[in-house]
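This report describes pockets, a helix pair, an aromatic pair and a peptide bond.

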Amino acid sequence: KVMTFFALAVFVSAAGTYFTMKYFMGYFIAQPGLMWIFFIAELAIIFTSRMWSQRVPLNRFLFALFALITGITIAPLLGVIAASPGGVAIISKALFTTGLMFTATALFGWTTKIDLSGMRGFLMIGLIGMIIVGILGLFIPWGSQAEMIYSGIGVLLFAGFIVYDFQKIKHYPEDRYIDAALNLYLDLFNLFLFVLRFMSSSSRD
């Protein structure tokens, strides 16, 4: 059930990205404020997930809607990168690398006999640190080398989340399948973003 909804979310996001880039990019370029509406909706869904994650069929609808909105919001970023020299190759490499890393870390997390529950505190501290540094980066410009270091740490962090969350799936109650699928989806999405940022910054170096 978890993997079914996870795969559905990936497909819905991919479809949202494709149709946005193909048919709706002009709207976002003409009215950049539209993107903020989608960002706010995305945050509202994720921060209220504990309220709806076990309420069928609302949980399935909001989960699919979140995946669609995520696909829409990443489309402008992919469009900018694709328009740059070698951008399409960077996106392709990032997708391939993300797929390999996700598969490898997922298999390790599912099959390892090591108890990974102790990773939670370390991962959460790392995530908070990344958020703080990311916010500071909005006000303090940094070069491509600093971007590579930041992105590389992000890649390692979310690889750790994938390992942790895959082992945690075994202990989820059956009615929490949306929670588990949402965690895996966020892990994959953020891993892809950081891999993409790392490759983009390395190409500029």
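The model is predicted, so local features need pLDDT of at least 70 and side-chain atom pairs pLDDT 80 or more, while totals for chains, interfaces and linings use all residues. Residues are numbered from 1 along each chain as its sequence is written, and side-chain values use heavy atoms, with hydrogens and water left out.

**Pockets**

A pocket is an open set of points on a 1 Å grid over the protein atoms alone, where a 1.4 Å probe fits, with protein on both sides within 12 Å along at least five of seven lines; lining residues have an atom within 4 Å of a point. Volume is the space filled by probe spheres set on the points, which are joined across faces, edges and corners. In the lining classes, Ala, Val, Leu, Ile, Met, Phe, Trp, Tyr, Cys and Pro are nonpolar, Asp, Glu, Lys and Arg are charged, and the others, Gly among them, are polar.

| Pocket | Volume | Lining classes |
|---|---|---|
| Largest | about 2,200 Å³ | 27 nonpolar, eight polar, 10 charged |

The largest pocket is lined by 45 residues, and L43, L127, I131, L186 and N190 are the closest to its centre. Two or more lining residues come from each of α2 (33-47), α3 (49-52), α4 (58-83), α6 (119-139), α7 (144-169) and α8 (177-204). Helices here are DSSP runs (H or I, at least four residues), numbered from the N terminus. The largest share, 10 residues, belongs to α8.

Around the second largest pocket there are 20 lining residues, with V10, S13, A14, L95 and F192 nearest its centre. Here α1 (2-30), α4, α5 (87-111) and α8 each give two or more residues to the lining.

**Helix pair α6 and α7**

The axes of α6 and α7 come within 10 Å and cross at roughly 145 degrees; axes are lines fitted to C-alpha atoms over the stretch in contact, with angles from 0 to 180 degrees between N-to-C directions. Residues in contact (heavy atoms within 4.5 Å) include L127 and M130 in α6, and F158 and F161 in α7. By class, this contact has 12 nonpolar, four polar and two charged residues.

**Aromatic pair and cis bond**

Rings of Phe, Tyr and Trp (its six-membered ring) pair if their centres lie within 6.5 Å; planes under 30 degrees apart are stacked, over 60 edge-to-face, and the rest tilted. The count comes to 14 aromatic pairs. The ring centres of F5 and Y177 are 5.3 Å apart and their planes are at 35 degrees, so this pair is tilted. F5 in α1 and Y177 in α8 are 172 residues apart.

Most peptide bonds are trans. The bond from V56 to P57 is cis, with omega near 0 degrees, and P57 is in the loop between α3 and α4.
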